[in-house]
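Hi everyone, thanks for coming. Let me put the structure up, and then we'll walk through a few parts of it together.

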Amino acid sequence: MATDVKLPELGEGVSEGELVQWLVKPGDSVKADQPIAEVLTDKATVEVPTPVAGVVKEVKFKAGDVITVGSTMITLDGAAPAKAAAAAAAAPAPAATTSTPAPAAPAAANGKAQDIKLPELGEGVSEGELVNWLVKPGDSVKADQPIAEVLTDKATVEVPTPVAGTVKDLMFKSGDVIKVGSTMITLIGGGSAPAATAPAAPAPAPVAATPAAIAPVAASTSTATSGIFPPVADSKVLATPATRRLAREIGVDINALSGTGLAGRVTREDVLAAQGKAPAKAAAPAAAASMTIPKPAYTGPVGAAENRVPLIGIRKRIAENMQRSKHVIPHFTIMDEAKVDSLVAMRESLKEHAEKHGTKITYLPIVIKAMVATIREFPMFNASIDDAAGEIVYKNYFNIGFAADTPNGLVVPVIKDADRKNILEISKEILDLSKRARDGKLKPDEMKGATITVTNIGSIGGTYATPVINHPEVAILGMYKIDEKAVVKDGQLKAIKVQNFTMTADHRLIDGAVAARFLASFIGRIENPGKLLVEMI
């Protein structure tokens, strides 16, 4: 019979999510707890598992659709509800398992205080900033209920509690940075998660071996429910989406693993160990060599009309990044003016062509292509300085970041491999990334890996600026609005179109003369787009 699998609750206050992509297709056989889709909520992408096995009959949405919690996502053939499967799992060995149900039930009433620690938040993530609590002292919480929002590298994730209980203490306040493994809250009456997950271990074999026995039970229970929700608390294993993804990518059955993490959670190391790979623990010392940023206090005049709000979230991360860049990198900026009559004419001539290809063309993709061509002449602009190793890292790939102004603050999406894309392809990517940046739907990976950045301040205003380099890059190009300027040529007064550009560079690696030559070469391409087009062939 067909069974509907619905979108489960994704967190407190979250009523819908955007479908990023399907991980299965019609005709695929899926196992219980196998991720079937990636769904984006706020700024966190989560994998949605199916609670039952079966064959995918139909998917109900397409990528980009917004799905409301409780909506049917897919229909499975030959599926059995999770609760029925659990009952069937217990049936083959009634005598041997009669003693396990008692400890398996959530031990929420043992009256002891239990520390709930910050679990793994993703690969290579050792800490996170507390954005806000989702619970308060005195609240009763269920197992796997989100208790806090934590910011990691511009992605906000909800942290669940592995056990039920009553909140006694909150150990941090909004804006605090919490290390993975640190106690976040204390629960009274919290049960032991390993005990709660223990019954899941013997379940897979009996379920697979007795499909016929499951069917009648499924038939009797399916009438009582309108569909199947993937219940997080009933999942066979606890694991982060990143860990589940890793297991799937390297072919490890995560349901067969015993977790060594908090409350029996399966960690990345558990997955790698199951494949025979030792976890890499050598990365920590390098990260520990972080700089100390001064934190001077501010005291205003007594009685002054001032408001104080916490410096948290993305604004705090921007402040830290900018302070680090200015502290580490000795900046200097060179400025020049380009005559852009030919550039304007070329762009006007390409408008209709771009529209036929489903996009519109701006000056930014042309500037990006001119910058890539110029970088090939001056590779030190596409480099980083590894201070710890005392080395210069020259990069043979061209990932161009562009600064985007969003309601949440400055965001820098990245055009990956810009040298391999034409102007139309870059135009489409800029439009897509810009829209999703404004909507807060960029993935963390889409904001990483830039080798150099361009900032287009001209769309807002200003003649010149001195942009801050995005560490560990060594340069940032600024482009400004196009204006008209009166000039005298051959004794005649005429108006020409001009545009200002700035190049801010890391003086440790780039000398002023080199920056001046770079800017002159770049402007040569902007003033003569035909030269740029010839180089692209």
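**A quick tour**

Among contacts in the protein (heavy atoms within 4.5 Å) between residues at least 6 apart in sequence, 65% join residues at least 24 apart.

Now the ground rules. This is a predicted model, where local features need pLDDT of at least 70, side-chain atom pairs count only at pLDDT 80 or more, and totals for chains, interfaces and linings use all residues. Residues are numbered from 1 along each chain as its sequence is written, and side-chain values use heavy atoms, with hydrogens and water left out.

How many helices and strands does the protein have? There are 15 helices and 26 strands, taken as DSSP runs numbered from the N terminus: H or I with at least four residues for helices, E with at least two for strands. Of the 537 residues, 42% are buried, meaning under 20% relative accessible area with a 1.4 Å probe, counting protein chains only.

Okay, look at the open sheet. Six strands line up as β17-β26-β25-β24-β20-β23, with mixed pairing; strands pair if DSSP finds at least two bridges between them. At the edges sit β17 (331-339) and β23 (414-415), each pairing on one side only. Strands β25 (residues 475-489) and β26 (residues 492-506) run antiparallel, joined by 13 bridges. Find K485, and you'll see I496 in β26 opposite.

And what lies across β17, β25 and β26? That's helix α11 (residues 341-356), running at about 90 degrees to β26; the angle is between N-to-C directions, on a 0 to 180 degrees scale, with axes fitted to C-alpha atoms, for helices over the stretch in contact.

How values were computed: Buried means under 20% relative accessible area, exposed over 50%, partly exposed in between (1.4 Å probe, protein chains only).
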